[in-house]
Amino acid sequence: MPVRYLYLICLPLLVYIAGCRPETGPKYRIGFSQCTGNDDWRRNMLTEMKRELFYHPEMQLLYRDAESDSKRQVQQIRELLAGKIDILVVSPNEAAPLAPVIATAYGQGIPVIILDRKAATDSFTAYIGGDNYNIGKLAAEYIAAQLNGHGRIIEVTGLRGSSPTVERHQGFHDALLRYPGLKVIATLEGSWVADKTREAAAYNDSAVQQADIIFAQNDVMAYSMYRYCREKGNLRTRFIGVDASPYPDAGIDLVSRDILSASLLYPSGGKEAISMAADILSGKKVPRNTLLQTVLIDSSNVKLMRLQIDKIQAQHQEIEQQQSLLQEQRSLYQDQQHLLRIVVTTLGIAFLLGIVLFFILRTNRRINRQLKQQRDEILQQRDQLVEMTARAQEATEAKFTFFTNLSHEFRTPLTLIQAPLENLMGSRQLSSIQKQQLELMRRNVTHLMRLVNQLLEFRRIESGKLQLKVAENDLPAFMLEIMEAYKGIAVKKHIDFRLITRQPGIKAWFDQHLFDRVLYNLLSNAFKFTSDYGKVHIYLEQPGAGQEAVIRIEDDGSGMDENTLAHAFELFYQSRNNEHKGTGIGLALTREIISLHHGSISVKSSKGAGTTFSITLPGTAAPFAPEEIQQEDEHMSVINHSLHNYTDEEPDDIPAEELSTATQSHPHSVLLIEDHPDLNHFLADFLSGQYEVFHASNGEEGLRLAFEHIPDLILCDIMMPGIDGIQVLQTLKKDIRTSHIPVILLSANSSEEQRIKGMQHNADAYISKPFHLKYLAESISSMLNNRALLKDHYIAEPETRVYSAQSSKPDRRFVNDFTAIVEKNLGNDHFGVEDICQELAISKMQLYRKVKLLLNCNVNDYILEARVKKGRYLLVNSKLSIAEIAYECGFSSPAYFSTVFKARTQQTPKAFRDKKNEG
């Protein structure tokens, strides 16, 4: 390959370039976080560091100034750590706030040098600073000598919480203990700066005027106190500071001008910090604590100190000049190296370009051959895709043709069912029940016919065999004619159904025979998903110059979620939301019809906030071809027999006396939960001959009736709006009041997955729709009989005798509540008759009589028998010890449990368990 040879040629050149690289930059990065840099002493610290760095070119200093803000200093240290520094030098603003971030840096393996001020942590490598305690002590001893052991003193401290402030204050006061004649009449907080010192002095002016000497913990605060006192006319007070910096208006200068009586030299430690960093990086062992020596400077030695400092500064300036010259020479050398490298690189590139061009010409022919081969393969694949697409189109067309033919075949059997039904319904010899059942059959035949017609119309539109015949129509009059079909259901559901338009005589071009399907589909959906006392409004408007007409159908129903809204017009799409289940044909057909009319349709909806469909129709004949325009004005009534297939007729309310069985006496009760009104009424009527039937149209109402009546069996549909059948089943099985009730699930989904899901949630049976009524009736009867046999055999509880034909509903409710209270409190050894009376809100006498009448036993005997039965169950089905079972069943002691158990079963608990285990 040419690239491979190119790498071999480039390798010597790259080696040469790498060998000619200029000297790299600093090898180590030192991060320095300064608490503040706004005073001469700290500027001197930074200057010392930079001077010392001249001797260590391998190190680079990254400086950050926190400006006396602890939070800012913490953030700056974190930024330095993120910048991959090798050593961290910190002069903390305060001891406590900086401790966590210093410990974090130390924990990451980065050496930490704490400079000047201390931090409240032991996680550091080394500390460098003046002996602050000794400074305070020396200041006190100097003052004692100046005042001969008697006088008044004011102390001005630095930032509260910083280590120099604390240590200098402690050393100062410890030393004053030896001089009882010296009194500290006030302690001011100057926070190291002049402004705050002056504010503190003004606040304590009376004490300031009485002071003989003011000791400030740095020269800045001492000078600020001097100026304040002189402004107030105080000429007798003397001043002592700390730092002794060699700058104008700083410590040494102020002493030489007799402004300060003395200043204690406080070394900055900048030079020592850089030297120690170099030792750490070279692997040398460094002392953990380095205390810098101090000296007191007053009028006796200030001149000598100034001479020494001036000499040192002159030496440093000379060193800096030499370093500058050395840097210039180094830059010149690097520039020459850079120029040489450019020349060599240019020659190498020219040589390489020649070689590359040779390989390009050589490989270009081979690439062209490969491209030609790939093009031939792509063309062949394209031909295969075209052929496969054609086959897929043929297969799809065959499927739609089969579907269409099958739909045509449905119409003949449906017609043969519908016609005899209409003849039977015209008979006068039918009973009320027979008429209701025939009407139920007619409605469902009509519903099937509607689905078949929609499918056929959609197929005709898709195949292009549906010919439009449009004409100019009066849109408001057409809408009023359509609305007549829905006035009945609007009145029945108390829905505000109205047409709203501010422009009379709006004209639009459309085919009445097709466009009525659009309106019927949209209005049917609006009424279907709008609750009672809701609204369905139709708005008509013609904006602009009459080029188009706009129809908006708006309701305040349940609305659609985002996923359903996105797929609303897709063919055969069914939402997972139970509230929007359908065939997936209606809206797809609606969109196709609107497209044929050169219009548009859109929908806006949100969950719980209603839905709005907007339709745009042409206001002129311009978009239509001549053959699509109706030549003769043929007006016909929109509402005809075939259009009834598009309206959802709701069943008339069944008379209460035909459904209610409250006056009849049945040994068992059944709760029916089914959202389809026809099926709900039909099954309720069918079962009412054998059972007391309660029926609900949704999950919420079904749960309420279940908890209210405690039926013997529950029939529940799975697909329901709101709470579905699976959720109802879960709620029933988790509640102690209804967990024992057998539940039969009804569903049109007969898949194995759905059956397994129902059984996983403890359903007792699963019956798929459609089902035989005889099978349903026998399933209910068999389940109730089996439950009764199991109860008698394994539990044999006295309360089972209450469910007789003579028992009343209140009696059964009383027994349910009574047994539930007892079962819930079996483990409570303090549980007794008083607790039951309190729960049921009846007296003891009423409780005894009721239990005796219904269960033919004593209350205490019932509780004792229930505890023994629970003990028998636990002995067989648990690994608890006999003592643990005794307490679990509410007995006060294992001995009492054994006595009662033996009295009722003629054997001890241990013998009973052993016998069961052997069996």
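**Note on the predicted model**

1. Strands β1 (residues 28-34) and β3 (residues 87-91) run parallel to each other and are joined by five bridges. Within this pairing, Gln34 has Ser91 of β3 as its bridge partner. The model under review is a predicted one.

2. The pairing of β1 with β3 belongs to an open, parallel sheet of six strands, ordered β2-β1-β3-β4-β5-β11. At its edges lie β2 (59-65) and β11 (289-292), each of which pairs on one side only. With direction ignored, neighbouring strands of the sheet are turned by 15° against each other on average.

3. Helix α11 (residues 270-281) packs on this sheet and touches β1, β2, β3, β4 (112-115), β5 (126-130) and β11. The direction of α11 makes about 165° with that of β4.

4. Helix α6 (residues 163-176) comprises 14 residues. From first C-alpha to last, α6 reaches 20 Å, close to the 20 Å expected at 1.5 Å a residue. Its buried residues are Ser163, Pro164, Thr165, Glu167, Arg168, Gly171, Phe172, Ala175 and Leu176. These buried residues pack against helix α5 (132-147) and against strands β6 (151-157), β7 (182-189), β8 (213-216) and β9 (238-243).

5. Thr612 is located in strand β19 (residues 611-618). Is this residue buried or exposed? Thr612 counts as buried because its relative accessible area is 18%, and the cut-off for burial is under 20%. Apart from neighbours within four places in sequence, Thr612 is in contact with Ile553, Glu554, Ser602, Val603 and Lys604.

Methods
Residues are numbered from 1 along each chain as its sequence is written. This is a predicted model: local features need pLDDT of at least 70, side-chain atom pairs count only at pLDDT 80 or more; totals for chains, interfaces and linings use all residues. Side-chain values use heavy atoms; hydrogens and water are left out. Helices (H or I, at least four residues) and strands (E, at least two) are DSSP runs, numbered from the N terminus. Buried means under 20% relative accessible area, exposed over 50%, partly exposed in between (1.4 Å probe, protein chains only). Contact means heavy atoms within 4.5 Å. Two strands pair if DSSP finds at least two bridges between them. Axes are lines fitted to C-alpha atoms, for helices over the stretch in contact, and angles run from 0 to 180 degrees between N-to-C directions. The expected span of a helix is 1.5 Å times one less than its number of residues.
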